Amino acid sequence: MDILSAFAPELALFLGGLTLLALDMAWRRAEERKEAVILSLAVAFTALSFLLLLLFGKVSASPLFGMLASDRFALFFKGLVLVGTGLVLLSSYRYLEGHTPYRGEFYAFFLLVTLAILLVVGSVNLLMLYLAFEFLSLTSYILVGYLREEGKSSEAAIKYFLYGITASALMLYGMSLLYGVTGTLYLTEIGPALKKSEVGGWLAFPAMILLLAGFGFKIALVPFHQWSPDTYEGAPTPVTAFLSVGPKAAGLAVLMRVFITALADFQPDWTALLAGISMVTMTLGNLIALRQENIKRMMAYSSIAHAGYILMGIVCMVSGVASNFTGLNGVLIYLMAYLFTNLGAFAVVIAVERAIGSNRIADYAGLIKRDPLLAGAMIIFLLSLIGIPGTGGFVGKFFVFGAAIQMQFYILALVGIINSVISAFYYLNVVKQMFFRPGDESPISVSSSLRWAVVVSLVMVFIIGLYPHPFISVGTEAVHILGSALF
Amino acid sequence: MEFPILSAITFIPALGALIILFFPKERVNLIRWFAIAVSLIPLALSTYLWIAYNQSEGGIQFVERYRWIPAINVWYHVGVDGISVPMLFLTSLLSTLGYFYSAYTIHERVKEYYFLFLLLQTGMNGVFVALDFVLFYVFWEIGLVPMYLLIGVWGGKYREYAAIKFFLYTLAGSVFMLLAILGIYFTTGSFDILKAAEVHPFADNFTLASLAFWAFFVAFAIKVPSFPFHTWLPDAHTEAPTAGSVILAGILLKLGCYGLLRIVLPIFPEPFRFYAPIVAILGLISIVYGAFVCMAQWDLKRLIAYSSVAHMGYVVLGIAAAAASLNFNHPSFKESAAIALNGATMQMFNHGIITGGLFFLVGMIYERAHTRDLQVFGGLGAKLPYYYAVVMITGLASLGLPGLAGFWGEFLVFRGAFHIIPYIAAFGVIGVVATAGYILWKVVQFMFLGPFNEEKWGYLTDMEAFEKVTMWPLLLFMVGFGLYPAPLLNIINTATTALMGKL
């Protein structure tokens with residue numbers, strides 16, 4: 001019973017998803033009230049799930065059926081993703097209006113994709129991991145292509161799907177290699193078995209690269225990133241917002257868990273590999289982002305770049321006895337700050353898109369006069385993305401760069417720093433439009449739930465930026481279990 | 001508990017900014033006078049601070065220290081010494097005058113304008129009081145954003161270009177500083193600036209020490225700005241609104257100099273001693289090159305902007321001379337170094353007063369004539385006698401005429417530097433001559449002397465009451481500290497002698 005209650009949040013989401021689907025089918029007439037009711041229920045179930053996580057989310061010693069762990073690391077990611085889903089749901093109210101008549105099941109799928117992430121981050125068994133990963137992929141494909149009457153949305157879904165199944169197949173291949181060599185699916189047993197096995201030494205590396213294709217796809221690491229700009233641009237904007245944090249966090253969680261628990265002995269190999277990927281990812285993401293004229297595409301490339309910075313935390317991980325810069329906690333702290341920053345920025349994008357029907361950066365001209373709150377919040381989110389102190393984004397960067405300096409990976413830190421400066425250029429381009437350029441001055445209407453999403457994100461960006469202590473503690477404790485597996 | 005005077009000076013402007021957010025934007029006069037009223041509080045407090053600072057005791061005073069981020073040993077740690085106190089006063093004074101002047105000249109987006117300006121003031125004050133590296137860095141970067149927006153929204157024709165250039169240059173400099181700060185943390189285990197000055201991190205590893213030294217130096221040299229990192233400055237100064245230029249020249253440039261004095265010299269004396277000739281030559285180039293570039297300018301504001309490069313060169317030269325003195329093991333060199341540092345710090349304060357004033361004066365003529373082209377003026381002296389007189393005094397103070405404030409900084413820098421780095425100092429004197437050249441020839445002659453174009457400039461009026469009120473305090477300090485520099489020099493001297501004593 002105890003172990004089941006540890007998974008109460010998942011059950012709540014599961015029941016919520018089914019309830020919403022049933023309700024959507026039973027309630028035939030598509031009308032505004034229906035959407036409001038279903039959305040409220042979706043938010044309520046997400047909140048319930050989060051509440052259950054806080055109440056019952058205890059660290060249990062043994063994984064459920066040996067498959068799903070409920071450790072601090074998993075709890076952290078579950079909490080993070082539930083908060084993210086809540087914010088996305090708040091900002092998606094009435095987004096679908098005028099896009100599609102099928103507006104009920106959209107929110108049900110949001111609950112299911114969240115459930116999938118909850119399962120992914122707890123998986124400690126390759127089979128469970130693969131199933132959860134596929135569940136996550138399938139639900140995301142549906143959400144991306146949800147506006148099926150619109151060509152761009154369908155194109156986005158097709159592209160995401162094709163890249164996705166390829167990445168999954170590669171990942172499965174990697175898993176089968178590991179299983180073939182070690183004869184076990186349990187992550188904790190793979191490490192010792194690899195050590196004993198004669199062929200383990202030279203099969204582990206290809207397996208590692210194949211696994212990385214799967215994980216890297218979700219995180220949008222270069223060179224597994226090609227899907228992301230088109231998918232980000234074509235998907236319904238709330239889905240884009242979700243993609244930029246939810247699956248990304250899931251991918252990073254499994255990357256850390258699998259590499260650190262199962263492939264610990266090959267740390268020098270994957271450290272070098274990830275260091276290279278990190279540098280290429282941030283540089284390429286930032287350089288291409290410079291040239292984007294559509295804000296969703298720009299955010300897609302910027303999100304690729306951020307994945308590069310985050311990866312620095314894994315590359316530079318240290319045992320962390322002497323200091324609190326363990327690298328791994330940097331990843332988590334960065335993710336927390338990034339979640340609120342990015343979802344806040346996307347909430348503004350959604351608001352502008354709903355009001356003026358455009359995602360061109362040039363159409364942000366004069367936003368400060370149309371809606372000072374949105375423009376004011378947006379500049380804070382952009383400054384946080386640059387990493388200006390006082391915002392959460394700075395704290396995240398501080399911890400990953402700190403880890404790099406501590407490990408004396410100066411080149412990596414230098415590349416990261418130079419990239420931050422490059423990124424300032426395109427983020428400030430949006431500020432330039434909003435504040436410096438004259439534009440239409442008519443006020444725009446924004447739903448109150450979306451305003452709440454913006455305000456909550458804004459407040460959290462400042463809290464993490466100005467009083468980061470509790471967030472540092474949470475992040476540091478959450479990675480402790482991984483750290484102890486390795487050192 | 002004592003009254004937290006430094007936190008009050010630092011955060012009252014930000015508090016005022018937050019309150020302004022709740023004012024309706026149509027009530028422009030309320031916003032203007034509220035901002036001015038708010039800024040009078042830090043002005044009063046920093047005046048009090050100057051009087052209350054115990055000069056016989058010296059050292060860091062009015063310390064406040066609270067845990068901020070215990071997980072990584074970051075403290076909210078503020079305090080002031082004889083260098084910070086005049087700088088805080090300067091910031092408060094120029095900010096108040098800037099708000100006052102803007103009340104009459106800024107008519108667009110007034111609410112945003114004052115909000116950003118007050119925020120900027122908090123950022124600048126914070127840098128002068130912070131004694132923890134993270135706190136220092138936070139304030140350092142926070143000031144960047146309001147200035148970027150002030151230039152970009154209220155600036156001149158090429159404001160977008162100037163704003164982004166300013167932002168990227170400063171950001172690029174400071175991010176390297178961030179890496180060096182982290183490096184210091186991992187060697188000393190704390191972010192405490194004073195502790196780092198005692199421990200001298202990387203003392204056993206010259207390569208790392210050099211890297212950290214240059215990381216800090218470049219960050220500060222960009223802000224100073226020293227040749228060859230100065231190219232953002234003419235653009236930013238020329239495009240910024242008048243009060244923005246005043247703050248840029250008056251205070252933001254001092255942040256860089258202050259960083260050299262507070263961080264680079266005390267924490268990295270060894271690499272600084274080694275690289276002092278390079279730094280001194282950069283200072284020399286700034287002085288001479290800056291002055292000659294001024295000669296070639298026809299845009300009055302650009303001319304004043306480049307003159308800042310030259311004047312800040314004296315500061316860099318003074319500090320480099322102090323670092324170079326560590327090469328010589330004789331008490332007389334320590335003494336000369338302290339004199340050079342006194343000169344550098346006085347130059348920081350006086351340049352704020354003088355060039356701040358010059359930028360106000362440029363703004364005043366531009367408001368009337370809508371041009372800053374020196375070639376189209378001439379003979380204004382008879383038409384605008386009051387303005388002419390004020391420009392003369394300020395200009396003469398700028399070229400370092402004895403009896404006016406500008407003299408002391410240059411004089412003491414040269415007095416110190418001649419003993420330590422005589423050849424470099426000797427070349428520096430060229431700059432002094434050139435300064436006289438461009439102030440008298442370019443500014444005074446082209447604007448005020450010669451024939452007057454009655455047809456074109458007949459409508460010009462002399463200074464109005466609010467413009468006079470803006471200039472009076474500055475003139476008072478120019479003449480006051482020119483004739484009797486002791487109050488300024490004494491308090492600075494407590495800090496510089498202590499600084500040299502520890503190296």
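Thr240(A) touches Tyr232(A), Ala235(A), Lys296(A) and Phe346(A), leaving aside residues up to four places away in sequence; contact means heavy atoms within 4.5 Å. This is a predicted model, in which local features need pLDDT of at least 70 and side-chain atom pairs count only at pLDDT 80 or more, while totals for chains, interfaces and linings use all residues. Residues are numbered from 1 along each chain as its sequence is written, and side-chain values use heavy atoms, with hydrogens and water left out.

**Thr240(A)**
- Thr240(A) lies in helix α11 (residues 237–262) of chain A; helices are DSSP runs (H or I, at least four residues) and strands are too (E, at least two), numbered from the N terminus.
- Thr240(A) counts as buried because its relative accessibility is 0%, buried being under 20% relative accessible area (1.4 Å probe, protein chains only).
- Between the C-alpha atoms of Thr240(A) and Phe346(A) there are 8.2 Å, although the two residues are 106 residues apart along the chain.

**Extent of the interface**
- In chain B, 35 residues are in contact with 36 residues of chain A.
- The two chains bury about 3,200 Å² between them, 82% of it on carbon and sulfur atoms; buried area is the accessible area (1.4 Å probe) lost on putting two parts together, summed over both.
- Glu160(B), Leu179(B) and Phe186(B) supply 17% of the area that chain B buries against chain A, more than any other three residues.

**Salt bridges**
- Chain B and chain A are joined by two salt bridges, each a side-chain nitrogen of Lys or Arg within 4 Å of a carboxyl oxygen of Asp or Glu.
- One salt bridge pairs the side chains of Glu160(B) and Arg437(A) (2.6 Å, N to O).

How values were computed:
Chains are lettered from A and ligands numbered from 1 in the order in which they are written. Buried means under 20% relative accessible area, exposed over 50%, partly exposed in between (1.4 Å probe, protein chains only).
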